[in-house]
Amino acid sequence: MTRRGFLLSAGTTTGAFALGAGVGVAANAAVALRADTAVGAATVNFYGAHQAGIETPFQAHGVFLGFDLKRDTTHVMARRMMELLTDDAARLAQGDPALPDNDPYLAEKPARLTATFGFGPGFFTKLGLSSQIPAGFADLPAYRIDKLVPEYSGSDLVISIGSDDPLTLAHAVRQLTRTARSFSSIRWSQKGFVRSQGVAPATQTNRNLFGQVDGTINPAPGTEAFAGQVWAEGSPSWFAGGTQLVLRRIAMNLDTWDKLDEGGKEISVGRKLSNGAPLTGVHEFDAADMEAKNSAGLSVIPDFAHMRRARTDNPKEKFLRRPLNYDDGILLDGTSNSGLLFAAYMANIQTQYLPVQQRLVDLDLLNTWTTPIGSAVYALPPGCLPGGFIGEGLLS
Amino acid sequence: MHKTLVTLGALIAGLTLAFGSASAATAHSELEGSVPAQGSTVSTVTELVLTFGEAVVPDYSTVVLANSAGISVELGAPTYDTTATVMTIPITSGALPNGDYIAGFRIVSVDGHPISGEIDYTVAGSDVPAFVVPTPSDSATEAATQGPVVTDGTTETVTLTRANDGPNVLVVVGTIFAALVALGLVTVVLLVAIRRNRAKATE
Amino acid sequence: MTMTIIAKRTLAFATLTMAALALAGCTSAAAVSTHTPEADAAVVPTFTDVWVKAAPELMGGTGMTALFGVFENPSHDDITILGGTADAALTTTKLDTHEVVQNDAGEMVMQEKKDGIVIPAHGSVTLKPGSYHIMFWDLKKPIAVGDTITITVNFSNGTSATVDAVARDIANANETYDPKADTGATPAPSSTMNMG
């Protein structure tokens, strides 16, 4: 086939897909494919004081990629890697192809694409940067409820990528992986999702695969409460404006959960399934009455209820939850393979996260149906400005 | 502490194995009987005994007792029989005085199913002096002198004195299982339970 | 990724469908420059997004690679990229301008474009895999991903420019070099292929 012939046939084929009428002129096809919708064209600014993808309202789809630095990776190489990854991420967030990009069309519809970078404990130790580890940042202790597997645990580097479009996301994953693999090896990738754009109001709290309204107590983006919980202050100085991420892969046994009636499900959490209201309230955001008793003298929200164990009045133990659902299909025995990519962001893991996690380990009826099978922590540097790169304060 | 929890986890797993066939058949546990029984009138009550159709998970059990005036009665740590289906909860002060009582229970069966309910009964013919509600000033004083109160931190504590019994103070509280010290005792009981059960199985 | 040299100036692995890659020009064609034309003899083309294909391992002590990017010409007259020179520590061989064309057998092969690569007046040209590029021969040392390579590019109007190119990992750009390719074949000039 001549090259011209190829182009014509390709144009006709794409025209048929785009117009759905079996006829099409190459030029029209291209126009149709490139036309934007509000969802597809939407962008999130990559640059700023903080990295994108944290305060960003949920995108429908997300991937966490874990990489380990190659053994001989030096400080200079780590810097180059972050420079290149920053360049890729900034271009892709704009809807531009990476440099280079063999599939540039797949970058055309960013759909609020963000890529967020974080450094695991090994990043600091392998590069001789242990003195720069942020306050409170360390691997979580071993919990009795954990059944961790290496395929989902730990890594030197994480790239968290989100988009409202799974095709755009898949392309971004490939581009960023291509850059990262020159300096590191992939350890795992974990894919998750929430509802699609337009299905529910953007402000509506997500549901997890247990059907629970999940994330009611989150701080609102742009508020002082959000900044106080999430963004680190200046110790060490490179980390000011950064945050710490706890990523836990929590398997949820949908099949045993299914054996519960609605009342049992609600009492295990302490919230209503219908709208997420506390069992003592009517509306989702009603304050829970932890003292309320029923006629038998029992607490309406039981001692073992997840929300009683997780909640706190201590502002220093609050943090942002940004979990994604995962659903890896049905196993051959007909049971589910689903759960949560629990992603929590906070200024200091030790002071904000550990007390809450310990309470849930000690007593939480929800542990009956959930099993943490992956766990990792990352220090996410602050954002950067054009010309800079993510992690510059640490690696320059 | 941590070791105890791990041991308990193993025990629960063991119990699941031991009684799993029964639990698989029934989706959840139910209260099969109690002493005192629902609606009964009894003269002497020093403990509550609850019998469930399926093993329960001790971590999640809560039993409360109150009289008809809404006054909570302090209960001790529960113990379990070898099958973890029979739960015995002592009344800290000993025998109950006359009156109408409401016991509330919430347990979780080994399959994770929460069950709750209440048992109403009457004590009559007891020679134990009745509870009286002290004045607030008495209450504050007595509470301060009677040492620690077993509480989960969220339960309102009311301090009572017995009529004609001067300084003999009952500390009355709602939740019984918050005292983690009790876990050790439960562990021992359950360990014995499992061993006995295994011994039976091999006979 | 690794280039295997079968014979000098021959790249192995011409396996990808280059016709498909040629389509890539549709979106990456640079916008027409809005610069005010200067006295044309003095105009130096501008360049953006310049990169080289990394060559992390040398084979038999030598290697080859290519440089890509967008060159813009704000002047009234066409300007031709004639080639260039690299740091002597990297290679002392002149950097040629190349193109990828379809030969008689239907394969996409690369060949020297001896008359250079034209940047149209008030236009731009994109050098990219499967199309125009500036070719490096006889590499004396590897080029790792993230390395910055500095070359001097020479233009037909007598000007030259110092160009920094970052080394990037890419799986393609492995076309077989074919000096006998049909020079009458249509190259893949991205600047004229924008369907949209």
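Leu67(C) is in contact with Val50(C), Val52(C), Leu127(C), His133(C), Ile134(C), Phe136(C), Ile151(C) and Ala165(C), leaving aside residues up to four places away in sequence; two residues are in contact if their C-beta atoms, placed from the backbone, lie within 7 Å. The structure is a predicted model, in which local features need pLDDT of at least 70, side-chain atom pairs count only at pLDDT 80 or more, and totals for chains, interfaces and linings use all residues. Residues are numbered from 1 along each chain as its sequence is written, and chains are lettered from A and ligands numbered from 1 in the order in which they are written.

Leu67(C) is among the residues with the most contacts inside the largest nonpolar core, together with Ile159(A), Ala344(A), Tyr345(A) and Met346(A); this core has 155 residues. A nonpolar core is a set of buried Ala, Val, Leu, Ile, Met, Phe, Trp, Tyr and Cys residues joined through C-beta atoms within 7 Å. A residue is buried if 20 or more other C-beta atoms lie within 10 Å of its own, exposed if 12 or fewer, and partly exposed in between, with C-beta atoms placed from the backbone. Helix H4 (residues 75-93) of chain A gives the most to the core, with 10 residues. Another core lies apart from this one and has five residues, including Val100(C), Met108(C), Val109(C) and Met110(C).

Chain B contains three helices and 11 strands, where helices (H or I, at least four residues) and strands (E, at least two) are DSSP runs numbered from the N terminus. Their pattern along the sequence is α-β-β-β-β-β-β-β-β-β-α-β-β-α. Of the 203 residues in chain B, 36% are buried. Among its contacts between residues at least 6 apart in sequence, 70% join residues at least 24 apart.

Four strands of chain B form an open sheet in the order S2-S8-S7-S4, with mixed pairing. Strand S2 (41-42) and S4 stand at the edges with a single partner strand each, so one side of each is left without a neighbour in the sheet. Two strands pair if DSSP finds at least two bridges between them; S2(B) and S8(B) do so in the parallel sense, over two bridges. Thr41(B) has Thr122(B) in S8(B) as its bridge partner.

The contact between chains A and B takes 21 residues from chain A and 25 residues from chain B. Helix H1 (2-25), strand S4 (62-67), strand S7 (99-108) and strand S8 (114-123) of chain B each supply at least two residues of the side that touches chain A. That side of chain B divides into nine nonpolar, 11 polar and five charged residues.

In helix H9 (residues 262-269) of chain A, Lys265(A), Glu266(A), Ile267(A), Ser268(A) and Val269(A) are buried. The cover over the buried residues of H9(A) includes helix H10 (306-310) of chain A and S8 of chain B.

The model scores ipTM 0.80 and pTM 0.78. Chain C averages a pLDDT (the predictor's confidence in each residue, from 0 to 100) of 75, and 67% of the residues score at least 70. Over residues 1-39 of chain C the pLDDT is below 50. It also stays under 50 over residues 181-196 of chain C, for which the model has 44 contacts beyond four places in sequence. Where pLDDT is low, the predicted coordinates should not be read in detail.

Conventions: Ala, Val, Leu, Ile, Met, Phe, Trp, Tyr, Cys and Pro count as nonpolar, Asp, Glu, Lys and Arg as charged, and the others, Gly among them, as polar.
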